[in-house]
Amino acid sequence: MRTFAIALRILRGFRRDKRTVALMIVVPIVVMTLLSFIFNGSDYKPKIAVVNVPNALIEQLEEQEAIVQPFRASEAELAVRASEVDGVFTIDNNRLHIALEGSDPAKNQAVLQLAQAMLLPETTPSTNVTYIYGYSNMSSMDNFGPIFIGLFVFFFVFLISCVAFL
């Protein structure tokens, strides 16, 4: 019987205090909506700079729905450092070099999957992959971690200050 009285008191408190109801219902909905914007996306079409690549490989890249832009070697490195392109494909001495910007693991994976789909195993030249900023085993958490830290700090400071005012 005492449990029913406590539950009734809490429900009456919710009816009188709209801020607490908003904190319990509206804030989680907003947070989940923001997280869905972060994690749900459409298929990414990588932007590729090509240097000294035959036209047949450029056509294969375009068939895979990549955005291909021809560059000179010096311009391609500047473009990838400025995040204008996601990667640079270069062929020297029958060897494919892929230079990736590296800070976004999703973009890196899209470029590497594109290269893998483009090159047939029997005709694949040896491939060299380099990263300008990131590294090969970067995870999505490396990219989203700072965002989550800011979000959690903001959320908990807001929550603690609301409880203090109540």
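Colleague: Which residues form a nonpolar patch on the surface, and what is their accessible area together?

Modeller: M24, I25, V26, I29, V30, L34 and F37 make up this nonpolar surface patch. Patch members have over 30% relative accessible area and no salt bridge, with nonpolar side chains (Val, Leu, Ile, Met, Phe, Trp, Tyr) joined within 5 Å; a salt bridge is a side-chain nitrogen of Lys or Arg within 4 Å of a carboxyl oxygen of Asp or Glu. By the Shrake-Rupley method with a 1.4 Å probe, where only the protein chains shown count as cover, their accessible area together is about 700 Å².

Modeller: This is a predicted model, in which local features need pLDDT of at least 70, side-chain atom pairs count only at pLDDT 80 or more, and totals for chains, interfaces and linings use all residues. Residues are numbered from 1 along each chain as its sequence is written, and side-chain values use heavy atoms, leaving out hydrogens and water.

Colleague: Is F37 buried or exposed?

Modeller: F37 belongs to helix α2 (residues 18–39); helices (H or I, at least four residues) and strands (E, at least two) are DSSP runs numbered from the N terminus. Buried means under 20% relative accessible area, exposed over 50%, and partly exposed in between. Because its relative accessibility is 64%, F37 counts as exposed.

Colleague: Why are the buried residues of α4 on the same side of the helix?

Modeller: In helix α4 (residues 73–81), the buried residues are A76, A79 and V80. They lie on the same side of α4 because, taking directions from the helix axis to the C-beta atoms, they cover an arc of only 95°.

Colleague: Which residues are exposed on the other side of α4?

Modeller: The cover over the buried residues of α4 includes β1, β3 and β4, judged by contact (heavy atoms within 4.5 Å). On the other side of α4, the exposed residues are S74 and L78.

Colleague: How far apart in space are Q109 and P46?

Modeller: Q109 is part of helix α5 and is partly exposed, at 42% relative accessible area. In sequence, Q109 and P46 are 63 residues apart. From C-alpha to C-alpha, the distance between Q109 and P46 is 9.7 Å.

Terms used:
Patches are made of residues with over 30% relative accessible area and no salt bridge: like charges are joined within 9 Å, nonpolar side chains (Val, Leu, Ile, Met, Phe, Trp, Tyr) within 5 Å. Buried means under 20% relative accessible area, exposed over 50%, partly exposed in between (1.4 Å probe, protein chains only).
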